[in-house]
Amino acid sequence: MKTVVINNEKGGVGKTMIAVHMAWFFAEADARVLFIDLDVQRNASSVLARADDAPDDGSLPWQARVVGEAASLFDEGFEPPAPAGPGISIYVGSEALGTIDSRFESAAACLRTAIDALHPLFDFCIIDTPPTWGSKNFSALLIADYLIAPLQLEQFAMDGINSLLSSIASVEKARDTDLTFLGLLPSMFQSNSVIQKANLKNLVANLGGTDLLFPGVLTVRQGYVEAIHNRMPVWTSKKTAAVEAGREMKLVFKVIVDRMLEKTA
């Protein structure tokens, strides 16, 4: 199982939108996908989770089967779910995640044990993290294979780059193995914003050609908003805005897969 964490210390950077689309992308390729929602706001859970009265017969392929609460992964005595075929299984977010900070060391160890137990059951694990740095983010990065960090190109978000990289460095010191950073991904890019275009130009000038900067952007598009509202991948819509968004998103995921394969070669 390859574990990918989507993390940034700022909210509003498109983190959950990217995470749920990544789950859909891998599920579309007939992979067994595990999704862990570590945000008490549970936005990803609301988008992905199958309604209680929805059929469990494959007729709603983009909706996930709920296998438990994410908070249970931080408790002793974790029991993995029954094996599942291709599709998405989700541990949903809940208010119980708020207790993790008070028992960080034991909770982090329990998460490691849980992930080890889940490893043979899934091909990919996508973890959506809270928009503030804390024990849940740290714990997720301790067990992750890969990290991608969405970045909004406003100044207040740009100022957080050094803080984010410092947080990554602190996690790497605590790990037994290297954490593969897939890069800063400029997201929610407003192509008509002078400030954002200037910030993107500076980023490319300073980090372009390095592993720190992802070679692509995700533009603000109505198609993404509608996709989340409809709980369906943006590339399934035939609307013009969605078609462009779907093409853009799939190009990003192709690069992610290529980088993952490159790092494991």
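# Briefing: aromatic pairs, prolines and overall build

With a relative accessibility of 27%, Phe104 counts as partly exposed (buried is under 20% relative accessible area, exposed is over 50%, and partly exposed is in between, with a 1.4 Å probe and protein chains only). Keep in mind that this is a predicted model, where local features need pLDDT of at least 70, side-chain atom pairs count only at pLDDT 80 or more, and totals for chains, interfaces and linings use all residues. Residues are numbered from 1 along each chain as its sequence is written, and side-chain values use heavy atoms, with hydrogens and water left out.

**Overall build**

- The protein has nine helices and seven strands (DSSP runs numbered from the N terminus: helices are H or I with at least four residues, strands are E with at least two).
- Its radius of gyration is 18 Å, close to the 18 Å that the globule rule gives for 265 residues, so the protein is as compact as a globular protein of that length. The radius is taken over C-alpha atoms, and the rule is 2.2 Å times the number of residues to the power 0.38.
- Along the principal axes, the C-alpha trace spans about 50 × 45 × 40 Å.
- Of the 265 residues, 51% count as buried.
- Take the contacts (heavy atoms within 4.5 Å) between residues at least 6 apart in sequence: 79% of them join residues at least 24 apart.

**Surface and charge**

- The accessible surface comes to about 12,000 Å², and 53% of that belongs to carbon and sulfur atoms. Areas come from the Shrake-Rupley method with a 1.4 Å probe; for residues, only the protein chains shown count as cover.
- There are 23 positive and 31 negative side chains, and the centres of the two sets lie 7 Å apart. Here Lys and Arg count as positive and Asp and Glu as negative, while His and the chain ends are not counted. Each charge is placed at NZ of Lys, CZ of Arg, CG of Asp or CD of Glu.

**Aromatic pairs**

- Searching the whole structure turns up six aromatic pairs. Rings of Phe, Tyr and Trp (its six-membered ring) pair if their centres lie within 6.5 Å; planes under 30 degrees apart count as stacked, over 60 as edge-to-face and the rest as tilted.
- One of them is the tilted pair of Phe25 and Phe253, at 5.1 Å centre to centre with 45 degrees between the planes. Phe25 sits in helix α1 (residues 15-28) and Phe253 in helix α9 (residues 240-264), so this pair ties together parts that are 228 residues apart in sequence. Phe25 and Phe253 are both buried.
- Phe104 and Phe138 make an edge-to-face pair, 5.6 Å centre to centre and 75 degrees between the planes. With Phe104 in helix α3 (residues 104-118) and Phe138 in helix α4 (residues 135-143), the pair ties together parts that are 34 residues apart in sequence. Phe138 counts as buried, at 17% relative accessibility.
- There's also an aromatic cluster, formed by Phe25, Phe26, Phe124, Trp235 and Phe253.

**Prolines**

- Pro80 lies in the loop between β3 (65-69) and β4 (87-92) and is partly exposed, with a relative accessible area of 33%. Leaving aside residues up to four places away in sequence, Pro80 touches Ala117, Leu118 and Leu121. Pro80 and Leu121 are 41 residues apart in sequence, and their C-alpha atoms are 8.8 Å apart.
- Pro86 is also in the loop between β3 and β4, but counts as exposed with a relative accessible area of 58%. Its contacts, again not counting residues up to four places away in sequence, are Asp30, Ala31 and Arg32.
- Pro150 is in strand β6 (residues 146-152) and is buried at 0% relative accessibility. Not counting residues up to four places away in sequence, Pro150 touches several residues, including Ile6, Val13, Ile18 and Leu185.

**Positive phi angles**

- Met188 is a residue other than glycine with a positive phi, near 55 degrees. You'll find Met188 in the loop between β7 (180-187) and α7 (194-207), partly exposed with a relative accessible area of 28%.
- Arg231 isn't a glycine either, yet has a positive phi of about 60 degrees. Arg231 lies in the loop between α8 (222-230) and α9 and is partly exposed, with a relative accessible area of 22%.
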